[in-house]
Amino acid sequence: MSKLVVFSLFGGDLNQGFAVVTAQLWHDNQFFKITGSLPAVPELNKLYRRWQLLYEAVHERLDSNQRIKVHSQDITNISVNDFDDVCHQLQAHINAWLKSESFQNIERQLRTLLSRDDEIRVIIETNIAFLHQLPWHLWDFFEDYPKAELALSSHEYASVQVVRNSSTVQVNILAILGNSFGIDIDKDRSLLQGLTDAQTTFLVEPTRKELDEQLWNQDWDILFFAGHSASIADGEFGKIYINQSESLTISQLKNALKTAITRGLKLAIFNSCDGIGLARNLADLNIPQMIVMREGVPDFVAQEFLKNFLVAFADGKPFYLAVREARERLQGLENDFPCASWLPVICQNPTFEPLTWQELCGGWGDTETRGEVSTQSTISTTKTKSRISTRKCKLWTVLLSSVIVTLSTIGLRYLGLFEKLELQIFDQMLLLQPEEDLDPRLLVVEITEKDIQSRQETTQGLKSISDSTLAKLLNKLQKSQPRVIGLDIYRDFADTPNKSKPIQLSTELSKENVVVVCKGRDRKHDSQGVKPPKEVPEERQGFTDAIQDSDGIVRRQILMMAQEPSSPCTTPYSLSLQLAARYLFYENIKPDLNEDDVQFGSKVFKRLKPGRSGAYQQGVDLGGIQILVHYRNADYQRVSLEDVLNNKVNLDLFKDKVVLIGVTANTISDTWSTPYSAAQQPYQETPGIFIQAQMVSQILSAVLDERPILGVLPFWCDILWIWGWSSVSGLIVWRVRRSLLNKGCAMFAIVIILYGVCAIAEGGALPNAQRARYANALWAAPFASIALFKQGVWLPFIPSAFVVVISGVVVLFVQRRQEFPTLLEGSVQNPPKLDQTR
């Protein structure tokens, strides 16, 4: 936010000095008032008058057709060097005056309150016309503060209550093209026609009646004048030449202008000569802001200032900085047009905040076509559709580019270019989710390395424990009446039978609540497979085939799949589905198994469809009925084999539970990478038994706890989602009125918001309590109640972020390509002429 410094110079003049000078600083609701004084400096008046005469004479000499006339004083034998000397003397006198000891209290305190990077509006408030004419910008203060700019103000002003009759998103400009004798104001017209979000009505050499009617009958944001003008009575009054025969003072348009100001007129630009008198008269009507020229202005200087100001202002620069930039760029013309950068000046009503182009676009205006004008009138209305600089990009171009970017991104995604990044972001968002409570329905009996080593049993083949030990474990567990026991240990061959043992494994495996595992044959990864124990029928078998993504992480589970004819494992059902179905049978919930989904009651587990499911595009095996694994950020109740056999565990703990038996020993290679593996130091894989527990818990929680099932959007929704973010990015970049850095920040902000939305959506698969806590942690509690975020959806973050950036860049490129093409061409084809001054 800018800082405002107002210098008030009253009760004196250059001959007497100013006994009291006040400087008032406003910033962030803070106010400082500093007092001082300025001594008499009568020679400054004489020096400036000499500078004025030499300025006119130099321009007269540079061009015999110059319209600035030399005053009656006889100025002869002048040279540019003489003029430069006077310029330096004037600058030195102004700085010496403002460095006087009586003024230093003000300057020193201001410099302690201001920093070099501050945006500062400096207003000189006085009722003395001559002080308005002085080139205050020559003060060294403006060299030390590169974001400071000067404005002039009258000593009396008031705010205005604005009442608009209509509203629009366009800037309404009334452009008066007055007497153009000897000058080229068509360039001004083309500059205004290059504005977008603007409706410009041109009055070409109008009559007083035509101008008055336009001011009365329409709502205007900007009043623009190009042509000839002058100040009279030592700058006390000003007049404009509206056509070849008429001139008007501000007082002659007073009522119409007052009405226009109360209806929202915010800025007047007089791109014409000697405008201080005009500014003083118009300030009496309390117009918010004006830009005028201090002295006579060459035609080309006026055109260049207007071009550079409109480019900077429409590109989002603050009003004061846009004026300073446009003014300072005129210095490059001073070989041909001395003191060109001294001419433009702002006149400000201090009760108004400086406007921005964006505020003008979002302000009031007339949405209808300006009044129908008689063919006999010289009024012509031009509705512009393209913006100077970055604003010339049209809405349809933004939308079309977003469609092209979206379709290109969908194609790249189909080829798998985003898969790795999408999977990594999926994991990252999963890791953000809060810890959950243990699932009380599951209990894991783990066979640890200690269990294996301590028993030292003789087994046939590569098994963790002997058949007799496993039989004892199953027999002991059965006494506690678990609902179902899942044996996640391959038993594709048995130990040598020992009839002397009272408990036989075959007997225990024959129990109806025991489900065993096998592994299907896979030509690519496992050409043999693993057969189940022969004592167990197919209806109590479940496969444990795991699906790893390209990075080796398990993110999907297979509920059902058809086995190859030669596979030793013939069951079409996974271990997790078998265990969950048998547990739910006791809840009177039976499965409905279909080709594309598995249904328990009202809960439907829809398969990931091959070729177009989230990040899984072309080339990813999505055979069978696969769903995403939503890992619980929690451990599972577990006991060791040794503790169970040695009666260290209360058997009631197993009652009515799903009991899984599996190996966690390091010597048995049954560990897998999960999204949580990389988050642990060192990298730690998860035993397969716990992944099976995750899968069973996911099914039971969805059916019994109404927990959402993590899924993906349909393919067409993916396209709409990505296109939506592409359009949002393009439109925001198109509308941002700031610098390239601000546009980049806007894109960055969109990506951050997008990430939060995707994280909340993925967290929708959490239970209600955890979902609310998760949303609060992301500062997104209001979004947690939105239906989308209650379902648990894996949204396409990477493709969406990609289109946000690419769409923004494309819009920037289009804007830069369209930046002032006609104006630049005109500058080349029509070099400046030194014979035209306004």
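1. Two strands pair if DSSP finds at least two bridges between them. That criterion applies to strand β3 and strand β4 (residues 30-38), which run antiparallel and are joined by eight bridges. Within this pairing, V21 has G36 of β4 as its bridge partner. The model under discussion is predicted.

2. On the β3 side, T22 is the bridge partner of S8.

3. Strand β2 (residues 12-13) is a further partner of β3, again in the antiparallel sense, with two bridges between them. D13 has G17 of β3 as its bridge partner. A hairpin of three residues leads from β2 to β3.

4. As to burial, β3 (residues 17-27) is mostly covered, with eight of its eleven residues buried. For the protein chain as a whole, buried residues make up 57% of the 838 residues.

5. Turning to the overall fold, the protein chain contains 25 helices and 32 strands. Among its contacts with a separation of 6 or more, 78% involve residues 24 or more positions apart.

6. The accessible surface of the protein chain is about 36000 Å². Carbon and sulfur atoms account for 52% of that surface.

Technical notes:
Residues numbered from 1 in each chain as written. Predicted model: local features only at pLDDT ≥ 70, side-chain atom pairs only at ≥ 80, totals over all residues. Heavy atoms only, no water. Buried < 20%, exposed > 50% of the residue type's maximum accessible area, 1.4 Å probe, protein only. Helix = DSSP H or I, 4+ residues; strand = E, 2+ residues; numbered from the N terminus. Contact = heavy atoms within 4.5 Å. Areas by Shrake-Rupley, 256 points an atom, 1.4 Å probe, with all protein chains shown as cover.
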